[in-house]
Amino acid sequence: TAKANMSGSPFFVDGGANAATYNTQVCYDGLNEKVMPAGYATCSSEPPPPQFMYMRPVYVVTALAVTRTGARRMVQMEVAEQPPMITNAAVDSQDHVSLSGQLTVNGYDACSCECTTKKVSGQNVTTCVDRPGKICDKSKWAIYSSETVDSPSASENIVAGQDPPIAQNQPWFYDIPGMVETFGSNPASVNVTGPPYNYTCVGSPPNCGTQPDQKFGTPPSPFPPVDPDNPIGAVNQVTYVPGDLKLTNAATGAGILVVDGDLEINGGLEFYGLILVKGVVAFTGGGANPTNIVGAVLAGQQSLDNTVLGGSAVINYDLCALKQKQTPQPPAILAYREVRY
């Protein structure tokens with residue numbers, strides 16, 4: 001049954017002080033149970049209200065066992081599907097964002113928008129229209145930060161449906177450490193300290209070294225996909241890295257790349273999905289191997305460095321890439337208890 005706020009009385013998701021929420025449906029945001037906020041039609045509302053998280057309903061599963069002697073036991077679980085991790089920008093950063101190089105960050109949703117860029121009087125001008133059968137989503141930013149963002153130079157093409165395309169000094173509502181911990185403890189995630197990667201991560205905080213030619217799942221072919229609803233050949237994988245990481249020599253992947261530390265990308269990258277970094281992310285270099293990300297980047301905070309977007313990086317927001325089923329997995333078990341019968 002769908003969980004209501006008072007179903008576990010005298011324990012309430014919101015503390016129980018507000019009687020108006022007693023029969024309100026309970027939702028799961030990927031980390032915590034919450035009484036369904038105002039603005040949601042259901043826990044599965046897509047899209048959710050602006051700057052709110054995607055959520056899924058919480059269900060109470062009850063099982064009763066009766067033995068041949070008449071003895072009885074009843075147990076309950078609270079379970080929910082893991083909601084998709086949808087960001088509100090092509091790059092979300094909890095830290096200051098430095099811009100450099102031949103950089104493109106596009107916040108128009110590639111899942112619903114077709115964009116072309118032309119030079120007009122020496123300046124890049126990007127025009128985005130509806131994909132056939134869809135309405136172009138122009139609600140995202142190119143860069144969203146809780147701190148400041150460098151002003152773009154003439155060589156940097158930062159575009160979005162929002163005006164301006166960069167949102168800085170904004171409220172921060174992502175629990176990145178919690179997200180990273182959730183993926184790190186999920187048995188469906190591939191931990192790079194095991195096969196086939198066998199990284200050695202040492203030190204405090206851990207450092208997983210410099211890794212060339214890495215493959216974290218398989219990006220679609222062609223890349224980016226011609227039809228965003230049908231990314232041919234994509235093999236998604238949730239990859240967990242338990243420390244700082246530097247990638248070189250054109251890494252590839254699809255799904256979710258989770259780095260429990262800082263991430264530096266030098267020498268190119270092709271990735272389809274979400275890159276989630278507990279610390280800061282730095283895109284440097286590029287050369288003959290461009291950095292192309294279709295999906296989004298979600299970066300946290302580190303005391304000494306900033307998030308650096310540079311080199312020849314091209315980052316395109318894509319809702320289809322973020323909503324791809326990353327790996328088949330059962331619902332998350334949120335609570336377990338025996339009930340007196």
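Reader: What is the volume of the second largest pocket?

Author: This is a predicted model, with residues numbered from 1 along each chain as its sequence is written. Local features need pLDDT of at least 70, side-chain atom pairs count only at pLDDT 80 or more, totals for chains, interfaces and linings use all residues, and side-chain values use heavy atoms, with hydrogens and water left out. A pocket is an open set of points on a 1 Å grid over the protein atoms alone, with protein on both sides within 12 Å along at least five of seven lines. Its volume, the space filled by probe spheres set on the points, is about 400 Å³.

Reader: Which residues lie nearest the centre of the second largest pocket?

Author: Lining residues have an atom within 4 Å of a point. The second largest pocket has 23 of them. They divide into 13 nonpolar, 5 polar and 5 charged. Nearest the centre lie Pro47, Pro48, Asp137, Ser139 and Lys140.

Reader: Which residues line the largest cavity?

Author: A cavity is a set of grid points where a 1.4 Å probe fits but cannot get out. The structure holds 1 cavity of 30 Å³ or more, and the largest has a volume of about 30 Å³. Its lining divides into 6 nonpolar, 1 polar and no charged residues. The lining residues are Met53, Met85, Ile86, Thr87, Tyr174, Met179 and Leu298.

Reader: How many residues of strand β6 are buried?

Author: Strands are DSSP runs of E, at least two residues long, numbered from the N terminus. Buried means under 20% relative accessible area, exposed over 50%, partly exposed in between (1.4 Å probe, protein chains only). Strand β6 spans residues 89–93 and is mostly covered. The count of buried residues is 5 of 5.

Reader: What is the bridge partner of Val91 in β23?

Author: Two strands pair if DSSP finds at least two bridges between them. β6 pairs in the parallel sense with β11 (residues 141–145) over 4 bridges, where Asp92 has Tyr144 as its partner. β6 also pairs in the parallel sense with β23 (residues 291–299), over 3 bridges. There, the partner of Val91 is Val297.

Reader: What is the strand order of the open sheet of 3 strands?

Author: The pairing in this sheet is antiparallel, and the order is β4-β5-β26. Its edge strands, each pairing on one side only, are β4 (59–66) and β26 (332–339). Between β5 (residues 72–80) and β26 there are 7 bridges, and Gln76 stands opposite Arg337. Read across, the order is β4-β5-β26.

Reader: Are Tyr197 and Tyr199 stacked or edge-to-face?

Author: Tyr197 counts as buried at 15% relative accessibility, and Tyr199 counts as buried at 5%. Their ring centres are 6.0 Å apart and the planes stand at 70 degrees, so the pair is edge-to-face.

Notes: Nonpolar A, V, L, I, M, F, W, Y, C, P; charged D, E, K, R; others polar. Phe/Tyr/Trp six-rings, centres within 6.5 Å; stacked < 30°, edge-to-face > 60°.
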